[in-house]
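Have the structure open as you read.

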Amino acid sequence: MSSYQKELEKYRDIDEDEILRTLSPEELEQLDCELQEMDPEVGAPAQGTRGSLQAFGKGEGPWVAKIGAAHRAWSRQGARERVSVDVLGSPGGAPDQRRGPTCSPKLIPQNMLLPAGLRQRDQTKKSPTGPLDRDALLQYLEQQALEVKERDDLVPFTGEKKGKPYIQPKREIPVQEQITLEPELEEALANATDAEMCDIAAILGMYTLMSNKQYYDAICSGEICNTEGISSVVQPDKYKPVPDEPPNPTNIEEILKSVRNNDKELEEVNLNNIQDIPIPKLTELCEAMKTNTYVRSFSLVATRSGDPIANAVADMLRENRSLQSLNIESNFISSTGLMAVLKAVRENATLTELRVDNQRQWPGDAVEMEMATVLEQCPSIVRFGYHFTQQGPRARAAQAMTRNNELRRQQKKR
């Protein structure tokens, strides 16, 4: 038997009925408050705990005193557990039949979703004088808050400044930093104008004291020619505005029609910077390029193309035998789409230029290794547009490109 059970054993022989009969109504009420403070989760009778205690104090049941004894035992032991049913029941562990349905001592867990007023016992003894008026209560609280006087400052603010103002001490130039020039130079510098000082600074290489215009004027001329003065140092140089590039005037419908008809005059398909081309249109264009024999350059730069377009381009490369240049830079193609294009390049022997740089995300080490392998196995590619991030694939790609260009020059000589 544990020490906790030994501690509770001595409460089994207490005559609870006799103790309750000797308590006054005030003592019963105090006992009720103590029990609620010890464990507010213990169920209470529906008619009120005080009335039940008074009733049981007249001989209706011994379970209330056992609860009080058990609670006092918990306080001494510091335990958080609940008393078992045999302690709360009558001697011998049998339930007390005199409790009635309203005196069930089951533990009621607290519901944190309920307001605080419904999760605690009623602590008032007065009966309500009327229904709750929320607006009147808020108005009363606001009026009370306005009537409360503000607390005076312990030390009132007078605006008086205390202490001495800070004066930065003058720095004396050390003897090592003092420079003595010839009398002629000192006289010339003392009588020099602002423009002349700027030109002298430009000649000495003090670029932060002048603008670019002053610097080049001082270098290109042997005499003082800049009369703007020091005020021009902070003024930026004026450059001619560069106009934006005009939008791409290519008509996707006409291009698609010409590609399907295998127009011999169409040798370049340039859809760069057209960002509103539907994906089905680009897919149809790649499908038409499979049988075209005249288009030499196919460019889809900054067209917001993704993996579906990359897969369509890969299918086109497996069947097209006239395309020489392919540019799909600055798009949203992932590593999966790039791998599909690289695998298709191995099956194409006419492609000489491939550009896949500047995608939305870095393709990864595996794709860069695949790029180097494709360049080594495809001698027809002599121009490849991609910035490698790993040193190994970069070195392999550089060697492959050098070899491919040498092979191309040897073929031209023959």
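## Helix 15 and what it packs on

The buried residues of helix 15 pack against helix 14 (335-345), strand 5 (383-385) and helix 16 (391-413). Keep in mind that this is a predicted model. The buried set in helix 15 is made up of Val367, Glu368, Glu370, Met371, Ala372, Thr373, Val374 and Leu375.

The helix length checks out too: with 13 residues (365-377) at 1.5 Å a residue, helix 15 should span 18 Å, and its end C-alpha atoms sit 19 Å apart, which agrees. Ala366 also belongs to helix 15, but Ala366 is exposed, at 58% relative accessible area, because the cut-off for exposed is over 50%. Its C-alpha atom is 9.1 Å from that of Met339, a residue 27 places away along the chain.

Nonpolar side chains tend to be buried together in soluble globular proteins. Here the largest nonpolar core has 49 residues, and Phe298 and Leu317 have the most contacts inside it. Helix 11 (252-260), helix 12 (279-289), helix 13 (307-319), helix 14, helix 15 and helix 16 each put in at least two residues. Helix 13 gives the largest share of this core, with 7 residues.

What does Leu317 touch, leaving aside residues up to four places away in sequence? Its contacts are Leu323, Leu326, Val341, Ala344, Val345, Asn348 and Leu351.

Helix 8 (183-190) and helix 9 (194-204) are the elements that give two or more residues to the patch. The largest share, 3 residues, comes from helix 9. Met197 is found in helix 9 and counts as partly exposed, at 36% relative accessibility.

## Salt bridges

The whole structure has 9 salt bridges. In one of them, Glu253 pairs with Lys281, the closest N and O atoms being 2.8 Å apart. That pair links distant parts of the chain, with Glu253 in helix 11 and Lys281 in helix 12, 28 residues apart. Glu284 and Arg260 meet in another salt bridge (3.1 Å, N to O). Glu284 lies in helix 12 and Arg260 in helix 11, so this pair ties together parts 24 residues apart in sequence.

Arg355 and Glu353 form a salt bridge as well, at 2.6 Å between the closest N and O atoms. Arg355 is partly exposed at 28% relative accessible area, whereas Glu353 is buried at 13%.

Methods. Residues are numbered from 1 along each chain as its sequence is written. This is a predicted model: local features need pLDDT of at least 70, side-chain atom pairs count only at pLDDT 80 or more; totals for chains, interfaces and linings use all residues. Side-chain values use heavy atoms; hydrogens and water are left out. Helices (H or I, at least four residues) and strands (E, at least two) are DSSP runs, numbered from the N terminus. The expected span of a helix is 1.5 Å times one less than its number of residues. Buried means under 20% relative accessible area, exposed over 50%, partly exposed in between (1.4 Å probe, protein chains only). Contact means heavy atoms within 4.5 Å. A nonpolar core is a set of buried Ala, Val, Leu, Ile, Met, Phe, Trp, Tyr and Cys residues joined through side-chain atoms within 4.5 Å. A salt bridge is a side-chain nitrogen of Lys or Arg within 4 Å of a carboxyl oxygen of Asp or Glu.
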